[in-house]
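Here is a brief report on one protein structure.

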Amino acid sequence: MEIRFTLNGKPTVVDAPPDITLLHLLRDYLDLTGTKCGCEIGECGACSVILDGEVVNSCLVLAPQVEGRQVITIEGIRGPDGGPNDLQEAFIEAGAIQCGFCTPGMVVAATALLRKHGYPTREQIVEGISGNLCRCTGYQQIVEAIQMTVLRRAGLPGKEGLA
């Protein structure tokens, strides 16, 4: 079946079976492997994408459900020059990347959070990424990276402002 939707700002048409998930549509039919395949039961957040402005687990969305909708994957999150944006740079600077498997989902969740709440509190940040699991060392650096981005977007010192 043909599925038409907007993917990372571009109109997209893909012919795929109606019984596959958005996760497999992205990875197997569109070669967008930044969205990770983790638990496939909606618990780890590795497959997070933004669907019409809300973070969803792409493993729980059937591909035909995106017909006519807007999907943003980690590949659609970047700076004006096509490189990492300020949030992704903060992840690097804060050492929030660790093994990297959860990173795309974390960045997607943080992007949606920052679009919804321009200046979220620490509690809102923790809540905003709560659907994404990191099995490496924890969430401190990830929360710090998001806080640094919030501060810098407000014109305040980033990492220095967290001390």
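## Helix α2

The cover over the buried residues of α2 includes α3 (103-116) and α5 (140-153). Helices here are DSSP runs of H or I, at least four residues, and strands are runs of E, at least two, numbered from the N terminus. Buried means under 20% relative accessible area (1.4 Å probe, protein chains only). In α2 (residues 86-94), Leu-87, Gln-88, Ala-90, Phe-91 and Ala-94 are buried. Down the helix axis, these buried residues fall within an arc of 155 degrees, so they line one face of α2. The arc uses directions from the helix axis to the C-beta atoms.

At the start of α2, a side-chain oxygen of Asn-85 comes within 3.0 Å of the backbone nitrogen of Leu-87. Gly-95 follows α2, with a positive phi near 70 degrees.

## Model basis

This is a predicted model: local features need pLDDT of at least 70, side-chain atom pairs count only at pLDDT 80 or more, and totals for chains, interfaces and linings use all residues. Residues are numbered from 1 along each chain as its sequence is written, and side-chain values use heavy atoms, with hydrogens and water left out.

## Thr-12

Thr-12 sits in strand β2 (residues 10-15). Thr-12 is buried, at 13% relative accessible area. Contact means heavy atoms within 4.5 Å. Not counting residues up to four places away in sequence, Thr-12 touches Ile-3, Arg-4, Phe-5, Leu-7 and Leu-30. A polar atom of the Thr-12 side chain lies 3.0 Å from the backbone oxygen of Lys-10.

Terms used. Buried < 20%, exposed > 50% of the residue type's maximum accessible area, 1.4 Å probe, protein only. Polar contact = N/O pair within 3.5 Å; in protein donor to acceptor, adjacent residues only side chain to side chain.
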